[in-house]
Amino acid sequence: MRIFDDMKAYVGDVTGLVWNFIHHRDAYPQNAQLAVQPEVLANVIDDPAECQHCDFYDLNKLMSRDQHGRLIPNPAAIHKIASRYYQVG
């Protein structure tokens, strides 16, 4: 479990998780989502049934396509999630 002191580190972690999902999609459950434990800001990509008291985010909304049509993390969507847990100042 990782706990993040700042928004930049949190965004970096979620971005890394989304990259891992993109590269290893077959290793995840078919209905996998980003699960966030708000109390400690721990992130995991897993089946929603495996995480209690978590906030869930659709992974399809956390990805976009680059100019070549390849999947990449969507920085705006990830930042929007992070702003729910960190004060933007």
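What is the strand order in the open sheet of 3 strands? I read 2-1-3, with antiparallel pairing. Strands here are DSSP E runs of at least two residues, helices are H or I runs of at least four, and both are numbered from the N terminus. Two strands pair if DSSP finds at least two bridges between them.

This is a predicted model: local features need pLDDT of at least 70, side-chain atom pairs count only at pLDDT 80 or more, and totals for chains, interfaces and linings use all residues. Residues are numbered from 1 along each chain as its sequence is written, and side-chain values use heavy atoms, without hydrogens or water.

I then followed strand 1 (residues 33–37), which is joined to strand 2 by 5 bridges. A35 has V44 of strand 2 as its bridge partner.

Then I turned to the helices. Helix 1 (residues 7–23) packs on the sheet and touches strand 1 and strand 2; contact means heavy atoms within 4.5 Å. The direction of helix 1 makes about 15 degrees with that of strand 2. Helix 2 (residues 75–85) lies across strand 1 and strand 3, at about 170 degrees to strand 3. Axes are lines fitted to C-alpha atoms, for helices over the stretch in contact, and angles run from 0 to 180 degrees between N-to-C directions.

Helix 1 gives the most, with 8 residues.
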